[in-house]
Protein chains: 2
Amino acid sequence: MTASDAWLPPGHGRDAVVLLSGGLDSATALAMAVAAGYRTHAVSFEYGQRHAVELEAAARVAAAGGAVTHRVIRLDPDAFAGSALTDASLAVPEVESEGIPVTYVPARNTIFLAYALGCAEVLGASDLVIGVNAVDYSGYPDCRPEFVAAFETMANLATRAAVEGARLQVHAPLIELTKADIIRAGTALGVDYGLTVSCYQPDGAGKACGRCDSCRFRAAGFRAAGVADPTPYQA
Amino acid sequence: MTASDAWLPPGHGRDAVVLLSGGLDSATALAMAVAAGYRTHAVSFEYGQRHAVELEAAARVAAAGGAVTHRVIRLDPDAFAGSALTDASLAVPEVESEGIPVTYVPARNTIFLAYALGCAEVLGASDLVIGVNAVDYSGYPDCRPEFVAAFETMANLATRAAVEGARLQVHAPLIELTKADIIRAGTALGVDYGLTVSCYQPDGAGKACGRCDSCRFRAAGFRAAGVADPTPYQA
């Protein structure tokens, strides 16, 4: 029983699709999957005004973390905005885009996991890994264990491979961990958190502002974990 | 009890998101939703080498069918292709793109419904409508009632509105109908099937070849339904 057995069942070299954002949590989930013996395929999403530095961070984390492949899927930035209305029907758009931040993706984890399922279908992968965390994100329904379990049930009815007996598992190894727990676990697995970006307003080099909510939450996690914070901060 | 009650529960003016492909089935599902009293929001997808004429057909069907809004969401054509691999990790791509048609979308209905769920979240819609059909597509796991039911269960755990009590329903009103049943139902509801495109190789004006599998299946449906086939065929 190694440390990683606590988070993910042994992979025995099976292919797993891992959602990778470039942040701290998903970097840890990737490390757990690699440590558990999966061949990992990282998947990131490009959407809205998301900072390019996050995708650069995801690419660095994928490479440093031992992902076998990494792909970036572009989401239509207008998918949910008022401007996506066509001319088919309306003189006056009835979908409000005000109030919806450009980086907000409705039904976010459902869409991300649906794409991961598509990747799994193409790759013949049996496992999906998502770094959600019910403790930190208690306000988000799609970060809870019951959501992940329901997605897994649905996924096992959705693809030919699953229906034919190649049961698909959705793992959320961080789901009960605090930020400090996650940092301790990832540090034990050798994750270089200096490669990850959590800041809402990083500079062009990916350096963190140190002031936004995400930065402060992350810094508090390192303090609580008793781990030196490797985050590159802006001068 | 009107005819439409057999297929969808009464909408009472509630907003419903309807997946609309430009084909015969989804045009019928839209008509059923409108007849049942929903304010319908049609959603179509643009992907791969899909013919523009199908999206033009979807726009015509949305407008003629009484959809309140219609939006087209672009799917990343490289999402599942080998070329989507980034340079993060690999010298040799390990995802094969050969054998996967460019118009094939893995985990297709899961991804389509995930986007529909996102639209429902933005619109405050309580209902999703998908024109899948377990009879015609018996080989596809994600066209079966148990898949649709599992997606609905998952969706009700995925969004804040659903968790707070605005129960979301996923309707698949065609799921037990044959092609002839669908054509009879849609004809009774006034669907103009001449606006729809089923052909795999339509010409630039959307006229059908009359020879491909999809054309022959569709023509057989009209014959079995005893309805004149309004499909515009190539000369």
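Two residues are in contact here if their C-beta atoms, placed from the backbone, lie within 7 Å. By that rule, 48 residues of chain A are in contact with 49 residues of chain B. The structure is a predicted model.

**Where the chains meet**

- On the side of chain A that touches chain B, the elements giving two or more residues are α2 (52–65), β3 (69–74), α3 (108–123), α4 (145–155) and α5 (160–163) of chain A.
- Among these elements, α3(A) supplies the largest share, with 10 residues.
- Sorted by class, this side of chain A has 32 nonpolar, eight polar and eight charged residues.

**How the two copies are related**

- Five strands of chain A make an open sheet with parallel pairing, and their order is β3-β2-β1-β4-β5.
- Strands β3 and β5 (169–171) of chain A are the edge strands, each of which pairs on one side only.
- On average, neighbouring strands of this sheet are turned by 25° against each other, direction ignored.
- In a regular strand, side chains alternate between the two faces of the sheet.

**Strands β1 and β2 of chain A**

- Five bridges join strand β1 (residues 15–19) of chain A to strand β2 (residues 39–46) of chain A, and the two pair in the parallel sense.
- A:Val17 has A:His41 of β2(A) as its bridge partner.
- A:Val18 stands opposite A:Ala42, also in β2(A).
- A residue counts as buried if 20 or more other C-beta atoms lie within 10 Å of its own. Four of the five residues of β1(A) are buried, so this strand is largely enclosed by the rest of the structure.

**Helix α2 of chain A**

- Helix α2(A) lies across β2 and β3 of chain A and runs at about 175° to β2(A).
- The 14 residues of α2(A) should span 20 Å at 1.5 Å a residue, and this agrees with the 20 Å between its end C-alpha atoms.
- The buried residues of α2(A) are A:Glu54, A:Leu55, A:Ala57, A:Ala58, A:Ala59, A:Arg60, A:Val61, A:Ala62 and A:Gly65.
- These buried residues pack against α1 (24–35), β2 and β3 of chain A.
- An α-helix has 3.6 residues a turn, so residues three or four places apart point the same way.

**Helix α2 of chain B**

- Helix α2 (residues 52–65) of chain B has 14 residues and reaches 19 Å from its first C-alpha to its last, close to the 20 Å expected at 1.5 Å a residue.
- Buried residues of α2(B) include B:Glu54, B:Leu55, B:Arg60 and B:Gly65.
- The buried residues of α2(B) pack against α1 (24–35), β2 (39–46) and β3 (69–74) of chain B.
- B:Gly66 follows α2(B) and has a positive phi, near 90°.

Key: Residues are numbered from 1 along each chain as its sequence is written. Chains are lettered from A and ligands numbered from 1 in the order in which they are written. This is a predicted model: local features need pLDDT of at least 70, side-chain atom pairs count only at pLDDT 80 or more; totals for chains, interfaces and linings use all residues. Ala, Val, Leu, Ile, Met, Phe, Trp, Tyr, Cys and Pro count as nonpolar, Asp, Glu, Lys and Arg as charged, and the others, Gly among them, as polar. Two strands pair if DSSP finds at least two bridges between them. Axes are lines fitted to C-alpha atoms, for helices over the stretch in contact, and angles run from 0 to 180 degrees between N-to-C directions. The expected span of a helix is 1.5 Å times one less than its number of residues. A residue is buried if 20 or more other C-beta atoms lie within 10 Å of its own, exposed if 12 or fewer, and partly exposed in between; C-beta atoms are placed from the backbone.
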